[in-house]
Amino acid sequence: MSLVGLLLELRPLLADPDANFDRVSELLERHQGLAEYEVARFYAGRAFVGPVGRLLGSEDPRERLRGVRLVPLLFARANAAQHLRRMVKDADNAVAHAARAAVRTLGLADVSPPDRRAPAPRFPSPTARGGWNPTGWTFGLFRNHYVFRRGAAATTNAPLTAPPKADVPELKSRNDVAKLVGVKASALPSLMRPGTGKGSGYVEFEIPKRTGGLRKISAPRVRLKNVQRAILREVLEKLPTHPAAHGFVEERSTVTNATPHVGASVVVRVDIEDFFPTVHYRRVLGFFMRYYDEKVAAALAGLTTHRSKLPDGTVVWPGALPQGAPTSPALANLVCRRLDARLDALARKSGATYTRYADDLTFSFRDPPARLGRFLWWVNGILQQEGFAENVKKRRIMRKGGRQRVTGLVVAEKPAIPREDRRRFKAILANCRRHGVESQARGKPDFPAWLRGYAAYVRMVHPELGAKWQREVEEILLKK
């Protein structure tokens, strides 16, 4: 078939790319030998940005694998690199392997932060380990290829550094884990059962996101929740987080997260995409193995991650941190210690201040930065190397003179709840007094609890005003 014939056959199919996905893929794969194949790929690729993106973001690893294999067929090298750079560290080994193979097949030569575990190559090339090329995307993988010593050193089997000292309980077997969490050792497998069916430790439901769409919550049932709380209390809370982490850390809050950025000339907010689901079982296992042997670490990782089931009964492997488990925020913070250390060092080197509240990263500059774009390139590159992906659509650059908000608080002179939000709550209290509490509920399931909660939040940021509103709320509810 000639190029013209291929384009004529593709044209009606591209009117509905989702319905004709397989047929278009088949045509492109069959005609890769055409001298003008790049023209056909460019013609079809524009219509498949959305469908391929949905495949790559699917919970089903088979769909992600299909998407990765289609990337070289549908996209030119520059666009293909944007998709593949995040997939080379996919939780599923088959998907990650296919992504790395596609990078080699396409000969991608994108500039990326180098993998510093290897010395700089004498002769730079797109595949030379340690260079400013896509080999940097695999930082953290292939431990046996590198030497974990300072400088360029000896054997590839050099031992890892000794585990850090920590005041955590000594656990030598699965029986010790069971005793720690207050169950019998024979009950551990059932607590790690996948899915949400009968006998599983989880229930799943969806809640709307503030920015649109739905967020899946995997909430542990009572028995597993008690087990996870024991792990949180006895192990995780005894391990230090990085000073830059403020989310879900005792004596830190949105206020402590916003305070370092008060009075900055430029504030930059960066969002991590799919934060908890990205922290998968193997990452949690690796974290626990810094303190325990593999059997104990596997038991702890199994109790704190969740394997969901697809509609056809397929179990998604590996599991990931469930949104809804009491251990997930603490584990995410601990797994992110190296990420926080690297971003904090980058910020200091660039004259900036860095904090993180869960998946919300904030950088602030006292003086306007000369090369903000270069700085953000490094942030994006470090996130990728640490196994995360930036949600670029949510990136915000806020300059002095405009509204600068950090974790919901204005940071012009001091952390403050936005004036319009305070006025709105004041009006709600006034209407509650005049027309009754129920008149202001507007669909909130437990409106009295919401009133108390918001007043307590205001007291955390504005102590005097919050204390006043707390008294008003109690007076209003007393008269209800």
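Arg403 forms a salt bridge with Glu420, with the closest N and O atoms 3.2 Å apart. A salt bridge is counted when a side-chain nitrogen of Lys or Arg is within 4 Å of a carboxyl oxygen of Asp or Glu. Arg403 lies in the loop between strand E6 (396-399) and strand E7 (405-406), and Glu420 lies in helix H18 (residues 419-435), so the pair ties together parts that are 17 residues apart in sequence. Helices (H or I, at least four residues) and strands (E, at least two) are DSSP runs, numbered from the N terminus. Arg403 is partly exposed, at 43% relative accessibility. Glu420 is also partly exposed, with a relative accessible area of 33%. Here buried means under 20% relative accessible area, exposed means over 50%, and partly exposed falls in between (1.4 Å probe, protein chains only).

The model is predicted: local features need pLDDT of at least 70, side-chain atom pairs count only at pLDDT 80 or more, and totals for chains, interfaces and linings use all residues. Residues are numbered from 1 along each chain as its sequence is written, and side-chain values use heavy atoms, with hydrogens and water left out.

Side chains of opposite charge can pair when their charged atoms come close. By the salt-bridge rule, the count comes to 26. One of these pairs is Glu26 with Arg30, at 3.0 Å from N to O. Both residues lie in helix H2 (residues 21-30). They are four residues apart, about one turn of the helix. Glu26 is partly exposed, with a relative accessible area of 40%. The pair also belongs to a network: salt bridges that share partners join Glu9, Arg23, Glu26 and Arg30. A further salt bridge links the side chains of Glu390 and Arg395, at 2.8 Å from N to O. Glu390 is buried, at 9% relative accessibility. Arg395 is partly exposed, at 26%.

Charged residues also form a surface patch. Arg419, Arg423, Lys426, Arg459, Lys468 and Arg471 make up a positive patch. Patches are made of residues with over 30% relative accessible area and no salt bridge; like charges are joined within 9 Å, and nonpolar side chains (Val, Leu, Ile, Met, Phe, Trp, Tyr) within 5 Å. Lys and Arg count as positive and Asp and Glu as negative, while His and the chain ends are not counted. The place of a charge is taken as NZ of Lys, CZ of Arg, CG of Asp or CD of Glu. H18 and helix H20 (463-478) each supply at least two residues of the positive patch. H18 gives the most, with three residues. Arg471 is found in helix H20. Arg471 is exposed, with a relative accessible area of 52%.

A nonpolar surface patch is formed by Val111, Trp132 and Trp377. Together these residues have about 310 Å² of accessible area. Accessible areas come from the Shrake-Rupley method with a 1.4 Å probe, and for residues only the protein chains shown count as cover. Trp377 is found in helix H17 (residues 372-385). Trp377 is partly exposed, with a relative accessible area of 32%.

Asn133 is placed in the loop between helix H7 (93-106) and helix H8 (174-181). Asn133 is buried, at 4% relative accessibility. Asn133 and Asp115 are 18 residues apart in sequence. In space they are 9.0 Å apart, C-alpha to C-alpha.

A disulfide is a covalent bond between the sulfur atoms of two cysteines. With the cut-off set at a pair of cysteine sulfur atoms within 2.5 Å, the count comes to zero disulfides. Cys336 is buried, with a relative accessible area of 0%. Cys432 is buried as well, at 4%.

The backbone was examined next. Most residues other than glycine have a negative phi, and most peptide bonds are trans. The peptide bond from Trp317 to Pro318 is cis, with omega near -5 degrees. Pro318 sits in the loop between helix H14 (294-304) and helix H15 (328-335). Glu251 has a positive phi of about 70 degrees, although it is not a glycine. Glu251 is in the loop between helix H10 (222-234) and helix H11 (254-258). Glu251 is exposed, with a relative accessible area of 74%. Arg442 also has a positive phi, near 50 degrees. Arg442 lies in the loop between H18 and helix H19 (447-461). Arg442 is exposed, at 67% relative accessibility.
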